[in-house]
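This briefing concerns the structure shown below. It treats pockets and cavities, sheets and helix packing in turn.

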Amino acid sequence: MVSRNGRRRWVWITGLAVVVVLVAATGIGAWFGSEQSIGVVHYGTGNAEVLAVRGDLVTLAQTPETGKPGTYWLEWTGSYAMLGDIVSRAPGRVTRKVLRGSTPSVGTPGYFGNVPPGDPQVAWGIGYTEIMVPTELGPAPAWYVPGKGDTWVVAVHGQNGRRKAELKVLPVVHRLELPFLDISYRNDEGAPPSPDGLLHLGDSEWRDLEAALRQARTMGARRFVLYGTSMGGQVIGQFLGRSPLAGLVDRVVMDAPMIDLGMTAEQGARNFHAPAFIGSLANQVARWRTGVDPDRLSLIRHPPRTRPPLLLIHTVPDTEHPIQEAYGLVAVGRRLGWEIRFEPFEQGAHTEAWNVDRARYERLVGDFLTPSAPQR
């Protein structure tokens, strides 16, 4: 028989063990969440397999990625194909039409993604020059596509992204004959690392955007249109709030931007079926690791001082930066008299508005940028 004191002792020990486990799990979850937020990742390839090829039709093994409707790209060693919408389905298989590029061989492993391959020449047959932007940390590469006039479009990619992610907007920019500068920033491949080797979610990266505009001014630019996707939107937001060059910006286009780091972190926790407070804790861990104040990175609570007209594009199903972030910014715009044109897309994952409806996307961007285009 166990005495009453013995039972109490075991209850106490068991309760303490449960508390220790919960605290440890919470700490691990918060650290993991911070790593998802500020950790630097350079991606490899390989998430798709070619099962069959017939003329310009390619059949892929069906996955959550390859089964999406819309226009996407398949990349493999030394080549690529732009693939159109799904033309047929079978168990475990989807067939799509090659719209541009090469036709892969059966058995080819590749990467199926929502951004163009390579560089402007590879993706669209548009000539370009690679220039080096002198940032405070060292030179960072950028693609420059020449155009007419002195208003330049400067593109800023998202978290752990690459310059090629911004090439979806290049065809419409090129048709308008606007010069285009697609930049990299600290921690990108080919760009200098940050001093601590971590992302700062726009809190320091905006200075690399500022350096790019300074470089563009030496090349003849006088005014700017800023285009940013995902975290690139936050980089632009911080630039507009903190750079002395912000007054040179005529217009801004943001596609699925990181608007409020708190909402983003809570969504990240939900994606891993964790309580929302884990997201808040992850932000505090990220703050401890980087010195970045998550609250400062809310464009809702801290809108930028300079507020040029904004085209805000966001897909409703986005599970990385939830559309509630966009709703919050639109409400701020109404209160401040900030001209924001909000265009939600009913389909598409994060930054996939172009992929699910290219015609509408390019029409919206083209109309918005037309006042900045050179007069004929």
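The second largest pocket is lined by G118, W143, G161, R162, R163, K164, S184, D188 and E189. This is a predicted model, in which local features need pLDDT of at least 70 and side-chain atom pairs count only at pLDDT 80 or more, whereas totals for chains, interfaces and linings use all residues. Residues are numbered from 1 along each chain as its sequence is written, and side-chain values use heavy atoms, with hydrogens and water left out.

**Pocket and cavities**

- The second largest pocket holds about 180 Å³ of space; a volume is the space filled by probe spheres set on grid points, which are joined across faces, edges and corners.
- On a 1 Å grid over the protein atoms alone, a pocket is an open set of points with protein on both sides within 12 Å along at least five of seven lines, a cavity is a set where a 1.4 Å probe fits but cannot get out, and lining residues have an atom within 4 Å of a point.
- The lining of the second largest pocket comprises one nonpolar, three polar and five charged residues (Ala, Val, Leu, Ile, Met, Phe, Trp, Tyr, Cys and Pro count as nonpolar, Asp, Glu, Lys and Arg as charged, and the others, Gly among them, as polar).
- Two cavities of 30 Å³ or more are found in a search of the whole structure.
- The second largest cavity has a volume of about 50 Å³, and L201, A286, R287, T290 and V292 are the closest to its centre of the eleven residues that line it.
- Helix α7 (residues 276–290) supplies four residues, the largest share of the lining of the second largest cavity.
- Seven nonpolar, three polar and one charged residue make up the lining of the second largest cavity.

**Closed barrel**

- Six strands form a closed barrel in the order β1-β2-β5-β4-β3-β6, with antiparallel pairing (two strands pair if DSSP finds at least two bridges between them).
- Helices (H or I, at least four residues) and strands (E, at least two) are DSSP runs, numbered from the N terminus.
- Strand β1 (residues 48–54) is joined to strand β2 (residues 57–61) by four bridges, and V50 has L60 in β2 as its bridge partner.
- Five bridges link β2 to strand β5 (residues 93–101); the partner of V58 in β5 is R96.
- Strand β4 (residues 79–90) and β5 run antiparallel and share seven bridges.
- The hairpin of β4 and β5 has two residues between the strands, and G92 in the turn has a positive phi of about 75 degrees.

**Open sheet**

- Eight strands form an open sheet of mixed pairing, in the order β7-β8-β10-β9-β11-β12-β13-β14.
- β7 (129–135) and β14 (340–345) stand at the edges with a single partner strand each, so one side of each has no neighbour in the sheet.
- The twist averages 20 degrees from one strand to the next (axes are lines fitted to C-alpha atoms, for helices over the stretch in contact, and angles run from 0 to 180 degrees between N-to-C directions).
- β7 pairs with strand β8 (residues 138–145) in the antiparallel sense over seven bridges, and P141 in β8 is the bridge partner of M132.

**Helix packing**

- The axes of helix α4 (residues 206–218) and helix α5 (residues 231–242) come within 8 Å and cross at roughly 75 degrees.
- α4 is therefore roughly perpendicular to α5 (a term for angles of 65 to 115 degrees).
- W206, L209, E210 and L213 of α4 meet V235, I236, Q238, F239 and R242 of α5 in this contact (heavy atoms within 4.5 Å).

Definitions and conventions. Angles under 35 degrees count as roughly parallel, over 145 as roughly antiparallel, 65 to 115 as roughly perpendicular and the rest as oblique.
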